[in-house]
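Hello,

Here is the structure I promised to pass on to you. Please have a look, and below it you will find my notes.

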Amino acid sequence: MSIIAAPRVAVIVVAAGSGTRLGADMPKAFVGLGAHTILRHALAGVFAGPEAQVVIVAPEDRLGDARTDADEAAGSRRDLVSVVAGGATRQASVAAGLHAVWPDVEIVLVHDAARALTPPDVFARVIEAVRSGQDAVLPVLPVVDTLKKVAASTVVAAVDRADLAAAQTPQGFRRDILDTAYGAAGADFTDDAALVQHAGFPVFTVPGDERAFKITTPADLQRAALLATPVTPVHPFPRVAAPRVGVGTDVHAFGGEGALWLAGLEWPGEVALHGHSDGDAVAHAIVDAVLAAAGLGDIGTHFGTDHPEYAGAHADAFLGRTRELVEAAGYRIGNVSVQVQANRPRFAARRVDAEQVLSTALGAPVAVSATTTDGLGFTGAGEGVAAFAVAVVLPA
Ligand code: CTP
Ligand code: MG
């Protein structure tokens, strides 16, 4: 008796769109849906389905954020995840994902992150149909509305809905067929089944699921918010309907390149601090305090060296993203108090400027104070700066 290994499967999750029709101030996949991003919800469905390589296609400047969601969703199976940058169209994004699929994969599913609440059994159904011999498999729903063909605001024909089906994702393909169809693709198609059909392959349908609807407009997001259940908790703290407090500290040594950035301000003529970003210990202490208050991990979880987009970033980028994370988790920031210990720079003349810049970036009042340490310790010796922050978050 020979044991035949099951064909290896990959799921490409396309999340590189801008979400123009949703109209949020960030790419759609990173918009909050309850306590998590749309992408995080989509990945919960993917990882609850059959085991597969998971290729996440994200906007170039969101690769690190996608990686954070992926690591959380993958748990102990981080080895299964790749994160790659997308293209200008959905088709270009799928093509980018396809390049990252492992050589031994035989079945590829392509899934819209925007279909965030797709249940795991849809993935299983699609994979099973490809395994049992179909070239291309499309999950569909019957059309329930009465349809009309309209031109210039006038009905020109009735359309028999019995002939029609609404296409969803994940769409599944034999890997060689999807590679061939993408290799030959000339025109732009809105989904992969259309591209594969155009390349001459039959597309088989299986039942989709009402919950696999695509979040396209603000009304869709509202509907999704009513249906979404929290995925595996990010942290062990239950959300409580009371203020929560967090503490954060940071230290950076003098001797970095370029200008000094501290407390969100540039300090011409002062010695710069070392750091992966700009070494702004004040901003980093605030980030840790706010994230801790919301139970969202720490600065390394969201801005570590695996987030290249934050290399060289200033306080506004860190604090703006921290605010997004906290708000996506269902909190708002109450206030922050931060104290910096340093011989230099002298804060007295610019303390209020610093408060303004930090408060604007965080969307909440930040009080800044500064002190020296009577010549004691590394701050007293002028080797670096230390910052200590306390933050309060409130249920939104
Ligand atoms: N997508 C992508 N790369 C693109 C465009 C879209 O990866 N260049 C992804 C989206 O992230 C989404 C899926 O394709 O998960 C379906 O696209 P759509 O719902 O149209 O999302 P957006 O293009 O982001 O939204 P809009 O068309 O409103 O801008
Ligand atoms: Mg689009």
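**Notes on the loops, the ligand and a helix pair**

Pro170 sits in the loop that runs between β10 (165-167) and β11 (171-174); helices (H or I, at least four residues) and strands (E, at least two) are DSSP runs, numbered from the N terminus. The model is a predicted one, in which local features need pLDDT of at least 70 and side-chain atom pairs count only at pLDDT 80 or more, while totals for chains, interfaces and linings use all residues. Residues are numbered from 1 along each chain as its sequence is written, chains are lettered from A and ligands numbered from 1 in the order in which they are written, and side-chain values use heavy atoms, with hydrogens and water left out.

Back to that proline: the peptide bond from Thr169 to Pro170 is cis, with omega near 5°. Another cis bond links Arg344 and Pro345, with omega about -5°, and Pro345 belongs to the loop between β16 (331-341) and α11 (351-362). Ala152, in the loop between β8 (147-151) and β9 (154-159), is not a glycine, yet its phi is positive at about 50°. These are worth a glance because most residues other than glycine have a negative phi, and most peptide bonds are trans.

Now the ligand. Around ligand 1 there are 18 residues, of which Gly19, Thr20, Lys28, Ser93 and Lys214 come nearest (a heavy atom within 4 Å counts as near). Polar contacts (N or O pairs within 3.5 Å) include one of 2.7 Å between a polar side-chain atom of Ser93 and a ligand 1 nitrogen. A polar backbone atom of Arg21 is 2.8 Å from an oxygen of ligand 1.

Finally, the helices. α3 (residues 90-99) packs against α5 (residues 175-184) at about 130°, with axes 11 Å apart; axes are lines fitted to C-alpha atoms over the stretch in contact, and angles run from 0 to 180 degrees between N-to-C directions. That angle makes α3 oblique to α5, since angles under 35 degrees count as roughly parallel, over 145 as roughly antiparallel, 65 to 115 as roughly perpendicular and the rest as oblique.

Best wishes

Note on methods. A polar contact is a pair of N or O atoms within 3.5 Å; within protein, one must be able to donate a hydrogen and the other to accept it, and residues adjacent in sequence count only if both atoms are side-chain atoms.
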